[in-house]
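Please read each point with the structure at hand.

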Amino acid sequence: MPAAPKSFQSLILTLHNYWSEKGCVILQPHDVEVGAGTLHPATVLRALGPKPWNAAYVQPSRRPGDGRYGENPNRLQHYYQYQVILKPNPADMQDLYLGSLEAIGLDLRTHDIRFVEDDWENPTVGAWGLGWEVWCDGMEVSQYTYFQQVGGLDVSPVAGELTYGLERLAMYVFGVDNVYDLPFNDPDSPLGALTYGDVFLANERQQSEANFHGYDVAVLKQQFEQMEQQVPLMLARSYKNETLVLPAYDMVLKASHLFNLMNARGAIAVAERASYIGRIRDLCKMCAQKWVELQEAA
Amino acid sequence: MPQLLLELFSEEIPARMQGQAAKDLERLAREHLAAAGFLPEALKTFAGPRRLTLVAEGLPLAQADRKEELKGPRVGAPQQAMDGFLRKAGLTQDQLVEQNGVWMAFVEKKGRPTAEIVAEMVEAIVRGFPWPKSMTWGTGKLRWVRPLKRILCVLDREVVPFAIDGIQSGDVSEGHRFMGEAKPFVAKDFDEYAAGLEAHFVVLDVEERKARILEGCKTLCFARHLELVEDIGLLEEVAGLAEWPTPVLGDMDPSFLDLPPEVIRTSMRTHQKYFAVRKPGEAGLAPHFITVANIEAKDGGKVIAAGNAKVLSSRLSDARFFWDEDVKTGFEPWLAKLDGVTFHAKLGTMAQRVERIVALAGEIAPLVGADVDKAKEAARLAKADLTSQMVGEFPELQGIMGGYYARHFGLDPEIAAAIQDHYKPQGPSDAVPTAPLSVAVALADKLDTLVGFFAIDEKPTGSKDPFALRRAALGVIRIILESGHAFALSDLLRGQAALLLRAEMQEVFNSVRAGVVNAQLAARVSDAEVQLALTDEALHAFAILDVAATVPDSAPEAILVAAERIAGAFVDQRSGVEWRNAYLPAMDHLLAFFADRLKVTLKDQGKRHDLVDAVFALGDDDLVRIVARVEALDGFLKTDDGKTLLAGYKRAANILKAEEKKGALPEGEPEEPAADSAAEVGLYQALRLLKAPLAEALAKEDFTGAMAQLAALREPVDAYLDGVFVNDPEHRDNRLKTLAAVRSAMGQVADFGLVAG
């Protein structure tokens, strides 16, 4: 077995190697802001339709409301999720998952790993599934879900999804109490060791201020509505008989992020929240529907 | 006799579903076996994190052979009927015999092998299992709570062969995920199975897992001179999370002990599923915790303890952050936020509810010996913590946090206690508040809840009680009975209902006024038409003309004045109608609901069902008085006087009932009978002498005394019924009046007609 990772980046590389060896395609992050790795089209869209799909990737997650100006040791408005999707889920998916924990250096005869009921749902994309939070010594290190519905449509065959909270996992594996103290590269690097803070602290500070005070609410609202209007127009277009689902879905993601920004600015009243979420879900459902039609036609 | 062993092995089953799953498996198996004619000598099921197991002892290897008689068509019936019968029965005509003019078939039915029946049973159970939530996985269509991996099914040491959605039955199980090397093992009967599980680090029986956890916790505690804070619900849950439960004691940073112990315990319990510990004999917590791991770790649990300690630290840091933020905020800003918290769509905001509770607490305070101003202040503050950060994170700490914060801010300790205790009792085993101020606020809180939900017709039905109204009513009953304060419930209920109606009418007033103003401004109706339209429906239509229901600033004074007048008149009229048609009946229902709950309470205390009914029939609404009556009646009926008088009462009542059927009974007081009829004179005198002392005893609410007075009727009533012919045409009227007087005298104490015997 290769040596256990010593840094944030080698943790990622270890997971990449592990899932690559298991046969997954290793993707890069999607280049639109998303609130969770699940929203990458490689999960939300690829989970639908009959074709097998096995992929792993890192996805930055943006949670504007969670910004703490770099002052909270555990909370970030921009962090990384490691995402694995296996469709159809293999029979030994739990064992594959546990193998990945061993690969990153967790001895399963020393640590207490438990699968604790947690039914996942994401109302903005009309998705839900059954599964667990995976606990390691009392800490949630992953979310493990068998998707049952996405975009309001049944997922068949069923896709299994794994989400690792990378920073939290790394803090646990490396015994670090403050996320900004995580070794980003090898602590013995000849080119100089960098911490997570060296790389991201400035980003957390600036983005926090922008999220809470910087963005112009009227502009966000206008952009949200423009995106919302564009989605059906884009879905009405096609190229060589293929509906433009992927560009339309990007617009849904943008609308979703704009909603999160408005929310962080405190611009969404409690009563309005549900209606915004419903609007995004409707857009997402339109895309999911078209995607499935394309998959089934192909 | 052969044994059946079944194991359904899956990925991790949610802890909360395991207990019911074991029961469902047992029930379904018994039903299926019974339908096949089997009655196992013993049948037991088990549920754990990864498996449901069933063992049934004493099954035969096949069903008994059966003879069946099939009745065919009558001799001479059309050929079609015969053909249809033969087709259905799978017979040919030469197998039939004629008997009494009917074609009969005597068929020997071979009993089927049990294995076949078991295979069908397992498939039916698996496909129809009542999981609260189930899923599909991979490419299959089968539903189970999580992916089903293996089915072990052996009957009399032989595999029962079948496959369900590609899962082939066998005689193989597997042990603990990490400790048992995950190697499968063969089990051909329950003994081998149990031994295999034990060898592979699985405790099959949840009761054994629980015992193991408790024992482990106690051993850890003993070594450190600590005491476990027992928590049955948590024990139940963690026993469903580990196949080889292994308690591990970890340390908590003692500096967190300045947080309220409830916060620490709740954080440990809800987020981490840890047990709390304390120093023996001390109230607070000790700076340690016990987690129940699923593994005996190679290092004895050091890494597990340290890891969990770290997680707990970050959880408690969050809690401390909430505490610090909360004490920077304080009650008034929280109260201001209650305006934005909806209590129920039809019952307004939490702020409105607080206003009502304040008013009611003020009414109740003098009745229970509490200071009115303090009761109102405590009620005003009681719900404030709902918008604090700590309660946002841990809703179950509502009230408790309010109490802590009140003390932190140096509020009157009685007020702090009332805030803390006003949700009590939260269940039959929870203590009731006893301090007068706490009693006032706790009652006000519950009565407002009950009045509100009854007013909007959200009564509990059957097993559905989403607003926990039964618990609230039971809480009211327990508080009142245990504090012994007597007061008329219905006045309080009606007063509270009136507050609700007033709030509802204020909204109606506003919308009618806005509707009228806007309609007039838009010249859609003239003033005269508005005046004419002072009917319910028409005005209601005005009210909804403008959804926004705001009055424009530009409206001329004259229109505003007119609109106020119209809206006022409308609301006056509507209030009366609503009160009569909705609120009063709702409060009667609520009172009846209290009566039912009180009956349940009294019956639980062993009071006779019929005595409770006999007292309730009087229509009293003072719970303390009702209970005193039931107790006095119970005591009285245990005496000879009581038993005999009851029998006399029944005889008298039966005569009256029979005579009533013939026509209305004569009304009025009986006249003095002729002096020569000793029995008549005796009863007449006894009734006359009884009147004043009975009235006096009842006025003093001395029900035992009142019963003792009634005892004086025993002999005269007996003598009267034995010696006097009631239906004597000459004296019938007066004699019926005398019996009616007995009935009504006794009826002041209870409706003896409802007493059994």
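How many residues of chain B are in contact with chain A?

1. Interface. In this predicted model, 27 residues of chain B are in contact with 24 residues of chain A, contact being counted when C-beta atoms placed from the backbone lie within 7 Å. β16 (288–293) and α8 (302–329) of chain B are the elements that give two or more residues to the side of chain B that touches chain A. Of these, α8(B) gives the most, with six residues. By class, that side of chain B comprises 12 nonpolar, nine polar and six charged residues (nonpolar: Ala, Val, Leu, Ile, Met, Phe, Trp, Tyr, Cys and Pro; charged: Asp, Glu, Lys and Arg; polar: the others, Gly among them).

2. Basis. The model is predicted, and local features need pLDDT of at least 70, side-chain atom pairs count only at pLDDT 80 or more, and totals for chains, interfaces and linings use all residues. Residues are numbered from 1 along each chain as its sequence is written, and chains are lettered from A in the order in which they are written. Helices (H or I, at least four residues) and strands (E, at least two) are DSSP runs, numbered from the N terminus.

3. Sheet. Chain B contains an open sheet of three strands in the order β4-β6-β5, with antiparallel pairing; strands pair if DSSP finds at least two bridges between them. β4 (66–74) and β5 (96–99) of chain B each have a single partner strand, so one side of each lacks a neighbour in the sheet. Neighbouring strands are turned by 35 degrees against each other on average, direction ignored. Seven bridges join β4(B) to β6 (residues 102–109) of chain B, and B:E68 has B:V107 as its bridge partner in β6(B). Helix α2 (residues 79–89) of chain B packs on the sheet, touching β4 and β6 of chain B.

4. Helix pair. Helices α24 (residues 678–699) and α27 (residues 732–747) of chain B pack at about 25 degrees, with axes 11 Å apart. α24(B) is therefore roughly parallel to α27(B), a term for angles under 35 degrees. Among the residues that meet are B:L687 and B:L690 in α24(B) and B:A741 and B:V742 in α27(B). This contact has eight nonpolar, one polar and no charged residues.

5. Annotation. UniProt, in an unreviewed entry, lists residues 647–747 of chain B as "domain: DALR anticodon binding"; such annotations may be inferred rather than shown by experiment. The span is 72% helix and 0% strand, and its end C-alpha atoms lie 14 Å apart.

Technical notes
Two residues are in contact if their C-beta atoms, placed from the backbone, lie within 7 Å. Axes are lines fitted to C-alpha atoms, for helices over the stretch in contact, and angles run from 0 to 180 degrees between N-to-C directions. Angles under 35 degrees count as roughly parallel, over 145 as roughly antiparallel, 65 to 115 as roughly perpendicular and the rest as oblique.
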